[in-house]
Amino acid sequence: MANLPNAEKFLKTIGMGKKDRYFWKQIGKALLCTYTVFGLAWWYNETSPLGWWTLMPRPKEEREMAHLYERRKYPYPGDEEAMEQFVASGGMIGTTISPKGFVDSGNDSDNFQKQLQSKKFEQESLKLWFRMRNEVISELQEKGFDVE
């Protein structure tokens, strides 16, 4: 145990000696409380009973399509009566397999992203087209041509 005094001296120099234990205890409590609060906020964000209030802001496109993302409570598959009532009430509409039995491939998230991208592309191309058209019209009007 000849190295024990050297170890205590080293720990004291880096701020972890016997006199510093109270400080590190307080730091540990603070970190525990902080992580607990953040963990509860994260858990609450995922399981919030207030479906409209979460900690993460949602993009405009997602807010417009919020009805596609709502959580549904499905009946137990073995309960035939509850399943028939669920399907009859339109509970399977918008899910992977519709009440008619075919797969709804048009409602997946990849297709939605592609639709948004193509929509934005169309808007940008229209802007560019109108800008170029207006430039050509202004040049022709400067040269004296009568253009609407």
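Helix α1 (residues 4–13) lies largely in the open, because the number buried among its ten residues is zero. Buried means under 20% relative accessible area, exposed over 50%, and partly exposed in between (1.4 Å probe, protein chains only). Helices are DSSP runs of H or I with at least four residues, numbered from the N terminus. Just after α1, Gly15 takes a positive phi of about 85°.

The model is predicted: local features need pLDDT of at least 70, side-chain atom pairs count only at pLDDT 80 or more, and totals for chains, interfaces and linings use all residues. Residues are numbered from 1 along each chain as its sequence is written, and side-chain values use heavy atoms, with hydrogens and water left out.

A search of the whole structure returns one aromatic pair. Phe23 and Trp24 form this pair, which is edge-to-face, at 5.1 Å centre to centre and 75° between the planes. Rings of Phe, Tyr and Trp (its six-membered ring) pair if their centres lie within 6.5 Å; planes under 30 degrees apart count as stacked, over 60 as edge-to-face and the rest as tilted. Phe23 is partly exposed, at 47% relative accessible area. Trp24 is partly exposed too, at 40%.

The search of the whole structure also finds one salt bridge. A salt bridge is a side-chain nitrogen of Lys or Arg within 4 Å of a carboxyl oxygen of Asp or Glu. Here the side chains of Glu124 and Lys127 meet at 3.6 Å, N to O. Both residues lie in helix α6 (residues 109–142), three residues apart, about one turn of the helix. Glu124 is partly exposed, with a relative accessible area of 48%. For Lys127, also partly exposed, the value is 48%.

Terms used. Helix = DSSP H or I, 4+ residues; strand = E, 2+ residues; numbered from the N terminus.
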